Amino acid sequence: MLRKLALGLAATAVMSSAQAQEVVLKVAHFLPPMSNMHAGFIVPWCDKIEAESKGRMKCQIYPAMQLGGTPPQLLNQVRDGVADIVWTIPGYTPGRFPVSEVFELPFVTTTHEATARAVWDFIDENAASEFEGLKRIANWVVGPYVIHLRDKELKTLDDFRGMKIRAPSRLGNRMLTVLGATPVGMPVPQIAESLSRGVIDAAIVPWEVVPATKTHELTKYHAEVSGGYSLTTATSIYVMNQKKYDSLPADLKKIIDDNSGREASALAATAFRKGDEGGRAAASNRGNQINQIPPEEVERWKKAVQPVTDEWIADVTSKGYDGRKLYDRATELVKQYSKD
């Protein structure tokens, strides 16, 4: 009898121990569940860590700011432990990522996966301190930003004049200013209302977010730059609260580690590339006009936006970094991975 009781208590203890190690991670982001980032990366990533942990680690996903607040507050939410993991855009919190911001400069980035690998390596080498208090899971850039216009074509540098265009970031604001437009900063979820009300004439976003924000239904024209480099883009981060990560048992930490890094970043970028393809198709199928800015005109744009790069180099240098060296290293890594 005593032996059975002891065995029962031991089994209960083992079960309690296992239950104590079960972890539910609160994962938050700002787009709706139908967005490609949610369905194409976050859900598969969560499914993978659940499978590899045999159900001991799971995600509870909160899309569309369901934990409250606004997109610029996501970074504080994960730092403060309101969320365990977030996907967000660093450009929503200007000044907090001054070094890794280099990838948002005009005509720096190329393809999705190549640039993602470059971003991961660059941050490892030069900007890890920007992520203090956070466990980096993936760093990448969203797809090339395209100019989506309500009712006016944009083909030349002169066409920017007088246009109110949604800008993605601090550097995006500056770029639009030197191009002759009036930048209007706002998070992605505000774009649809701003376009429909005429608050803005156009928006700069990647194709990926077009269906989720109905941008293709609110615009008629789209302008893409040719030549293999992006007009601009936005860095994107998938990060975990460091204390939450540190609290995990060693085997669950390893699962997070195995699903983090350069290739996880490339996987997130792949989700964006597929999303870009779908978003472009949605606009094309609706009958919208997609214009390719020809190489000779792109060269005019490159010369016009050179002050943005020069100013960034000077600004970062004034903060104690070697701005020129950082810029050169970022572009070198992009070229290296673009050739692989």
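In these legends, Ala, Val, Leu, Ile, Met, Phe, Trp, Tyr, Cys and Pro count as nonpolar, Asp, Glu, Lys and Arg as charged, and the others, Gly among them, as polar. With that in hand, let's look around this predicted model.

**View 1. The second largest cavity and its lining.** Here we look into a cavity with a volume of about 80 Å³. Its lining is made of 14 residues. To find your way to the centre, look for Ile 89, Tyr 92, Val 142, Tyr 145 and Val 188, which lie nearest to it. How many of the lining residues are nonpolar, polar and charged? Twelve are nonpolar, none is polar and two are charged.

**View 2. The largest cavity and its lining.** The whole structure holds three cavities of 30 Å³ or more, and the largest of them has a volume of about 100 Å³. Around this space sit 13 lining residues. Pro 90, Gly 91, Gly 95, Phe 97 and Glu 101 are the ones nearest the centre. Sorted by class, the lining has four nonpolar, five polar and four charged residues.

**View 3. Helix H5 and its buried residues.** Helix H5 covers residues 170–179. Which of its residues are buried? They are Leu 171, Gly 172, Met 175, Leu 176 and Leu 179. Seen down the helix axis, these buried residues fall within an arc of 135 degrees, so they line one face of H5. Now follow the buried residues of H5 to their packing partners: strand E6 (164–167), strand E7 (182–185), strand E8 (202–205) and helix H12 (295–318). Just after H5 comes Gly 180, with a positive phi of about 110 degrees.

View 4. Is Trp 301 buried or exposed? Buried means under 20% relative accessible area, and Trp 301 counts as buried because its relative accessibility is 1%. Leaving aside neighbours within four places in sequence, Trp 301 is in contact with several residues, among them Phe 107, Ile 147, Leu 154, Phe 160, Val 225 and Ile 293. Leu 179, one of the buried residues of H5, is also in contact with Trp 301. Look as well for the polar contact of 3.0 Å that joins the side chains of Trp 301 and Glu 297. For a sense of scale, the C-alpha atoms of Trp 301 and Arg 197 are separated by 29 Å, and the two residues are 104 residues apart along the chain.

Definitions and conventions:
Residues numbered from 1 in each chain as written. Predicted model: local features only at pLDDT ≥ 70, side-chain atom pairs only at ≥ 80, totals over all residues. Heavy atoms only, no water. 1 Å grid on protein atoms, 1.4 Å probe; cavity = no way out; pocket = protein on both sides within 12 Å on 5 of 7 lines; lining within 4 Å. Points joined across faces, edges and corners; volume = space filled by probe spheres on them. Buried < 20%, exposed > 50% of the residue type's maximum accessible area, 1.4 Å probe, protein only. Helix = DSSP H or I, 4+ residues; strand = E, 2+ residues; numbered from the N terminus. Arc of directions from axis to C-beta. Contact = heavy atoms within 4.5 Å. Polar contact = N/O pair within 3.5 Å; in protein donor to acceptor, adjacent residues only side chain to side chain.
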